[in-house]
Amino acid sequence: MTALLEIEGLTKHFGGVLANDNVSFGVAEGEILGLLGPNGAGKTTLFNCITGFLPPDRGRVRFAGVDVTGRSASRLARDGLVRTFQIVRVFPDLSALENVVIGALLRHGRVSAARRRALEVLEDVGLAARSNVRARDLTTAERKRLEVARALATDPRALLLDEAMSGLNPREVAEAVALVRRLREGGVTIVLVEHVLEVVMPLADRVVVLQEGRAIADATPAAVSRDPAVIEAYLGPQFIERA
Ligand SMILES: Nc1ncnc2c1ncn2[C@@H]1O[C@H](COP(=O)(O)OP(=O)(O)O)[C@@H](O)[C@H]1O
Ligand SMILES: [Mg+2]
């Protein structure tokens, strides 16, 4: 089967730092892929290179069988490949609804249609009651959901989530997990950068582990959590004891 998203030999450096070192993996349509790795492993840089926010030094990105390397973020969003940001990038002075309408306008030329789609998405992420609140007045958790809503309003085929659950309390994490599952049931392919292992392991179909820019594992959550290289590099001995 051809992957919906294929990363091949992706390499990116910043001065002397090799943030992504020849990273290759594929994501099948409808899959939830967990991308794990310690701070500084290169996860956000990889998202930036995949989604048109940074040009890779080397390597290719293919989406739906087409080489999209070097395409702009807005072009990729029209193609159906979107991401959220670890540091939320909503417009603070616009309402939740207005923020999501901006995403929806990508697919819906008329503001009235974009508004309808935005309201649906706000409902989906549980923010309907907050649609008229300015983004700056939302809680951190609500702003994270708003960021996801704005991405969803573009009707993506693949959604890349950069730590969309970090900083959330357990109830909010559970809601976010349920949302990711619903999205996948709706046919969206998901790549999830997350630090909370207890979240990623049960949710992901497959896990890729980055360490110092390199992909050191690509397997099922169960296999990855038994992989000695991963345990040593990332999970740490306490994980073995708990597992
Ligand atoms: N814009 C940048 N300029 C310089 N160095 C960067 C930049 N972005 C990331 N880096 C460096 O690249 C490495 C990977 O960072 P990042 O992709 O943010 O990792 P992660 O998301 O896994 O925590 C780190 O050493 C980081 O300091
Ligand atoms: Mg990051």
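Before the layout, one term: the domain bounds I use come from an automatic or database domain assignment. On that basis, the chain divides into domain 1, which is 5-80 + 156-242, and domain 2, which is 92-155. The centres of domain 1 and domain 2, taken over C-alpha atoms, are 24 Å apart. This is a predicted model, so please hear everything that follows as computed from that prediction.

How many residues of each domain are in contact with the other? On the domain 1 side there are 18, and they meet 12 residues of domain 2.

That brings me to the packing. The largest nonpolar core has 41 residues, and within that core Leu146 and Met165 touch the most other members. Several elements give two or more residues to this core: the helices are α3 (96-104), α4 (111-124), α5 (140-152), α6 (170-185) and α7 (197-203), and the strands are β7 (158-162) and β8 (189-193). Why do we place this core between the domains? Because domain 1 and domain 2 both give residues to it. There is also a second, separate core of 25 residues, and its members include Leu10, Leu81, Val191 and Val208.

Back to Met165 for a moment. Which residues is it in contact with, once neighbours within four places in sequence are left aside? They are Val173, Ala176, Val177, Val180, Leu192, Glu194, Val199 and Leu203. As general background, nonpolar side chains tend to be buried together in soluble globular proteins.

Next, helix α3. Seven of its nine residues are buried, so α3 is largely enclosed by the rest of the structure. The buried ones are Ala96, Leu97, Asn99, Val100, Val101, Gly103 and Ala104. The cover over these residues includes α4 and α5.

Now the ligand site. The residues surrounding ligand 1 are Phe14, Val17, Ala19, Pro38, Asn39, Gly40, Ala41, Gly42, Lys43, Thr44 and Thr45. For Lys43, a polar side-chain atom lies 2.8 Å from an oxygen of ligand 1. For Gly42, a backbone N or O atom lies 2.9 Å from a ligand 1 oxygen. For Ala41, again with a backbone N or O atom, the distance to an oxygen of ligand 1 is 3.2 Å. Taken alone, ligand 1 exposes 560 Å², and the protein buries 60% of that.

Which elements give two or more residues to the shell around ligand 1? They are β2 (17-27) and α1 (43-50). Helix α1 gives the most, with three residues.

So what about α1 itself, buried or exposed? The helix is mostly covered, with seven of its eight residues buried. Those seven are Lys43, Thr45, Leu46, Phe47, Asn48, Cys49 and Ile50.

Why do we call Asn48 buried? Because its relative accessible area is 15%, and the cut-off for buried is under 20%. Apart from neighbours within four places in sequence, Asn48 is in contact with Phe53, Leu54 and Arg83. Just after α1 comes Gly52, with a positive phi of about 85°.

To recap: a 41-residue core that lies between the two domains, and a ligand shell to which α1 gives the most residues.

Terms used:
Residues are numbered from 1 along each chain as its sequence is written. Chains are lettered from A and ligands numbered from 1 in the order in which they are written. This is a predicted model: local features need pLDDT of at least 70, side-chain atom pairs count only at pLDDT 80 or more; totals for chains, interfaces and linings use all residues. Side-chain values use heavy atoms; hydrogens and water are left out. A nonpolar core is a set of buried Ala, Val, Leu, Ile, Met, Phe, Trp, Tyr and Cys residues joined through side-chain atoms within 4.5 Å. Buried means under 20% relative accessible area, exposed over 50%, partly exposed in between (1.4 Å probe, protein chains only). Helices (H or I, at least four residues) and strands (E, at least two) are DSSP runs, numbered from the N terminus. Contact means heavy atoms within 4.5 Å. A residue is near a molecule or strand if one of its heavy atoms lies within 4 Å of it. A polar contact is a pair of N or O atoms within 3.5 Å; within protein, one must be able to donate a hydrogen and the other to accept it, and residues adjacent in sequence count only if both atoms are side-chain atoms. Accessible areas come from the Shrake-Rupley method with a 1.4 Å probe; for residues, only the protein chains shown count as cover.
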